[in-house]
Amino acid sequence: MTLLRDMRYPTPQELALAARALVAEHPDRAGLRQTGASRAGRPLWLLSVEGRGGGGTRPVLVVAGAHANEPVGGATALELARRVIRDGGGGGGADWHFLLCADPDGADLHRTPHPRSLLDYHHNFFRPPGPEQPEWAPSLLTPDRLPPETRALTALLDELRPALQVSLHATDLGGSWVQLTRDVPGLAEPFAKSAAELRIPVETGASDAAGWVSPGPGIFVMPETGAGPAGAFHPEDTRLSTWCHAGTTAIVEVPMWASDLVDDPAPHPDPRGALRMLAGRLAEDSGRVAGLRSGARGTDPGSAALLRAVDWTLGLIPRITAEWTGSGAPAEATAAAVGSIDAFGRRLSLRAAAMLLRVLRTQGHPAAPGLDRLMTGWCEEFAARFQARWVPVATQVEHQVRTVLATYERL
């Protein structure tokens, strides 16, 4: 195995160019077509690779770039396409389809090809509000209000009827985990082996999957409708997302910066006390950001998008802090689970501050330098608290590729 240590995150335009080159090199096995357009008219590209001896096997759909601030998926999709051409993509010989970037408009606003630090990453940060995210929109909007990116994705799922849909995601700081719409027996072992070989911690208490069944470390199975929580810290119901529009979906998360604190199985001595402290900090930090929000104006489409995302993020926080301090807060939890919640709260305040700072800077607002200093301090504290270490992009890609292929082979 050879990993390119200087690899960076490709843009949607670079992904399309690389896909065209792959098709030109293997015209008998690969094809590229536009499968829709974004709200701004940017193309949604689908790269398809023919399997070997599929014999009617239902295809696989891999979705990259559903969250603008998680850019590793496009690079993983390309590497998966190359390996399917080279090796056949595992047993079964299914055709593979790769949506190279589900949200090219968002990717145009989030510009971090190779961030040098958490601060560098956040200086160019963008993550759209939930109703504007292709996968989440169906859980928040009526069908007549869905964005074109979501309509294109659901139409693709209806067309292909994949046996497996894989959504490639990333976290800024933490570990790796997999969310499943239904259990895939045997996945935990190759997932853990890959993470160990690549020095990527397994996030055993992921806040995104709080309360979900976990058949193995870092593997979480989404509850059926009415069977339990769909995700404790989000207003979206994951069961209404595009993840549940296919037979089986795997969401593969990999960290940009790794922290062993999210892989600590030891019991936390006082989870409720810790959550009260974290809720107080989150309320205080977000309040400082909210105090500067009134000074910003969306004078252009980019600034308006950033401010919608700021308002969405700040709007989540009161309900989250109420959950953390309410009667439903867990009396028992691992250190990993509390660490994951700690990271979740820190990134909410950071994201709101980062997107607001971009607008204030554009407007030459006098509060911009102070907010920049505040954000700098938060990033330094975040990295120090979690002993963050950078995971090379090629390592992130390798782990996602291995996990996707292992999921397909065991399904």
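Q: How do β2 and strand β4 pair, and over how many bridges?
A: In this predicted model, β2 and strand β4 (residues 96-99) pair in the antiparallel sense, over four bridges.

Q: Which residue of β4 does Leu 47 stand opposite?
A: Leu 47 stands opposite Phe 98 in β4.

Q: What about strand β1, how does that pair with β2?
A: Strand β1 (residues 30-37) and β2 are antiparallel too, with six bridges between them. Leu 32 stands opposite Leu 47 in β2.

Q: How many residues sit between the strands in the hairpin of β1 and β2?
A: Five residues lie between the strands of that hairpin. Gly 41 takes a positive phi there, near 90°.

Q: Is strand β2 largely enclosed or largely open, and why?
A: Strand β2 (residues 43-49) is largely enclosed by the rest of the structure, because five of its seven residues are buried.

Q: Which residues touch the most other members in the largest nonpolar core?
A: Those are Leu 47, Trp 96, Phe 98 and Trp 324, in a core of 101 residues.

Q: Which helix gives that core its largest share?
A: Helix α9 (residues 335-362) does, with 15 residues.

Q: Which residues is Ala 336 in contact with, leaving aside its neighbours within four places in sequence?
A: With those neighbours left aside, Ala 336 is in contact with Thr 204, Gly 205, Leu 261, Val 262, Asp 263 and Asp 264.

Q: And where is Ala 102 relative to Ala 336, in sequence and in space?
A: In sequence the two are 234 residues apart. In space, Ala 336 and Ala 102 are 31 Å apart, C-alpha to C-alpha.

Q: Different helix now. How many residues has α2, and what is its reach?
A: Helix α2 (residues 72-87) has 16 residues. From its first C-alpha to its last it reaches 22 Å, close to the 22 Å expected at 1.5 Å a residue.

Q: Why is α2 described as largely enclosed?
A: Because 12 of the 16 residues of α2 are buried, the helix is largely enclosed by the rest of the structure.

Q: Which residues of α2 are the buried ones?
A: They are Val 72, Gly 73, Gly 74, Ala 75, Thr 76, Ala 77, Leu 78, Leu 80, Ala 81, Arg 83, Val 84 and Ile 85.

Q: What follows α2?
A: Gly 88 follows α2, and the phi of Gly 88 is positive, near 95°.

Q: Let's do strand β9. How many of its residues are buried?
A: Strand β9 (residues 249-258) has 10 of its 10 residues buried, so to speak mostly covered.

Q: Which sense does β5 take with β9, parallel or antiparallel?
A: Strand β5 (residues 164-174) and β9 pair in the parallel sense, over nine bridges. Gln 165 stands opposite Thr 249 in β9.

Q: And strand β6 with β9, parallel or antiparallel?
A: Strand β6 (residues 177-180) and β9 pair in the antiparallel sense, over four bridges. Val 178 stands opposite Val 252 in β9.

Q: How many bridges join β9 to strand β10?
A: Two bridges join β9 to strand β10 (residues 389-390), and these strands run antiparallel. Trp 257 stands opposite Trp 390 in β10.

Q: Changing topic: how many disulfides does a search of the whole structure find?
A: The search finds zero disulfides.

Q: Cys 101, then: buried or exposed?
A: Cys 101 is buried, with a relative accessible area of 9%. Cys 244 is partly exposed, at 35%.

Q: Now the whole chain. How many helices and strands are there?
A: The protein chain has 11 helices and 10 strands.

Q: Why is the chain called as compact as a globular protein of that length?
A: Its radius of gyration is 20 Å, close to the 22 Å that the globule rule gives for 411 residues, so the chain is as compact as a globular protein of that length.

Q: What share of the residues is buried?
A: Buried residues make up 57% of the 411 residues in the protein chain.

Technical notes: Residues numbered from 1 in each chain as written. Predicted model: local features only at pLDDT ≥ 70, side-chain atom pairs only at ≥ 80, totals over all residues. Heavy atoms only, no water. Buried < 20%, exposed > 50% of the residue type's maximum accessible area, 1.4 Å probe, protein only. Pairing = 2+ DSSP bridges. Expected span 1.5 Å × (residues − 1). Disulfide = S-S within 2.5 Å. Core = buried A, V, L, I, M, F, W, Y, C linked by side-chain atoms within 4.5 Å. Rg over C-alpha atoms; globule rule 2.2 N^0.38 Å. Contact = heavy atoms within 4.5 Å.
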